[in-house]
Amino acid sequence: MTTTAPARALTRTAVAARSAPRATRSREPVRLVRRLPLNLAALLTFVLSVFPVYWMITTAFKPTDDIQADTPLFVPTSLTLDHFSKAIAADGFWMFWRNSLFLTFSSVLMALLVGLAAAFAVARLRWRGRRGFYLLVFMAQVAPWGSLLIPMYIIARDTDMLDRLPMLTLIYFMVNLPFTIVTLRSFLVGIPVELEEAAQVDGCTRAGAFRRITFPLLAPGLLATSLFGTITAWNEFAYANMLIIKSQDDRSLPVWLSSFSNVFGTDWGATMAASTLFALPVLVLFLVLQGRVAAGMTGGAVKG
């Protein structure tokens, strides 16, 4: 008995549908084998990145005998809080903590205020030299700030600003400002200007439309830039170590940690405990804001 053309087409379709899952299943082992080197490389990168942090935290909780043992103990057999007590009770710990908080908060706040105004001018206003200004800001963002150590030292010396926290605050502000302008400008370009114009038609001033409409939509970008500035200012060591020399009371936590020792040598347990306490605020802040920060970084990278 012969079959018609539509029947043969339906038969071929059914056979192809039954064979498709088999073909997919047969290709899965090949895909796993091809991905194996990438997965191993990712795993190796993860281990190399996380192991120093793991070693710092475990050393902070190990007893002194375990730290000084000839055979390294990767998994602590006993835990102690003595090192944290030594770090907190060390001379100047809270004073240096206060200095780092002042430097970080002041520089980030200044960068956000000035950067938001500059980003609005670049994204919303039309004026001569706007593109050249934005190009200079972008060049400042990618410039190596380590190359300015000596010029900054000479400027601080000639203006009698050595050993003063305001000088460090201004430097951290300048370091954070280009990134803040570039990121917030990208977000402002991605927000339709018609929203502000509609608010102005309804009776808002230009400043009122920006405050009520645009500013709330900038929350991811503001969080991303503020977290970046916080990490930069909180962890910075080179400028703080070079500009704060004589005034011990104006040192920041990274500089204090570099000299955390006693008459018998470095107290590794207390040093690691102090380092753990030093890294804890930024880590907690990042874990709390990681969702919004990821959205902010992605948005700033693809818009504009």
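**Figure 1. Aromatic pairs and an aromatic cluster in the predicted model.** The count of aromatic pairs comes to 16, where rings of Phe, Tyr and Trp (its six-membered ring) pair if their centres lie within 6.5 Å. One aromatic cluster is formed by F93, W94, F96, W97, W234, W256 and F278. This is a predicted model, in which local features need pLDDT of at least 70 and side-chain atom pairs count only at pLDDT 80 or more, whereas totals for chains, interfaces and linings use all residues. Residues are numbered from 1 along each chain as its sequence is written, and side-chain values use heavy atoms, with hydrogens and water left out.

**Figure 2. Charged groups over the rings of W55 and Y134.** A charge sits over a ring if NZ of Lys or CZ of Arg is within 6 Å of the ring centre and within 35 degrees of the ring normal. The charged end of K62 is placed over the ring of W55, 3.9 Å from its centre. R185 lies over the face of Y134, and its distance from the ring centre is 4.7 Å.

**Figure 3. The salt bridge between E196 and R124.** Three salt bridges are found in a search of the whole structure, each being a side-chain nitrogen of Lys or Arg within 4 Å of a carboxyl oxygen of Asp or Glu. In the pair of E196 and R124, the closest N and O atoms are 3.1 Å apart. E196 belongs to helix 8 (residues 193–201) and R124 to helix 4 (residues 93–124), so the pair ties together parts that are 72 residues apart in sequence. Helices are DSSP runs (H or I, at least four residues), numbered from the N terminus. Both E196 and R124 are buried, that is, under 20% relative accessible area, with exposed meaning over 50% and partly exposed in between (1.4 Å probe, protein chains only).

**Figure 4. The salt bridges R157 to D158 and D160 to R164.** R157 and D158 meet through their side chains at 3.2 Å, N to O. R157 counts as partly exposed at 46% relative accessibility, and D158 as exposed at 56%. The side chains of D160 and R164 meet at 3.7 Å, N to O. D160 is exposed, with a relative accessible area of 52%, while R164 is partly exposed at 39%.

**Figure 5. Confidence along the protein chain.** The chain averages a pLDDT (the predictor's confidence in each residue, from 0 to 100) of 80, and 83% of the residues score at least 70. Among its elements, helix 4 has the highest mean pLDDT (90) and helix 1 (residues 5–61) the lowest (71). Over residues 296–304 pLDDT stays under 50, and the model has 13 contacts for them beyond four places in sequence, a contact being heavy atoms within 4.5 Å. Where pLDDT is low, the predicted coordinates should not be read in detail.

Definitions and conventions: Phe/Tyr/Trp six-rings, centres within 6.5 Å; stacked < 30°, edge-to-face > 60°. Helix = DSSP H or I, 4+ residues; strand = E, 2+ residues; numbered from the N terminus.
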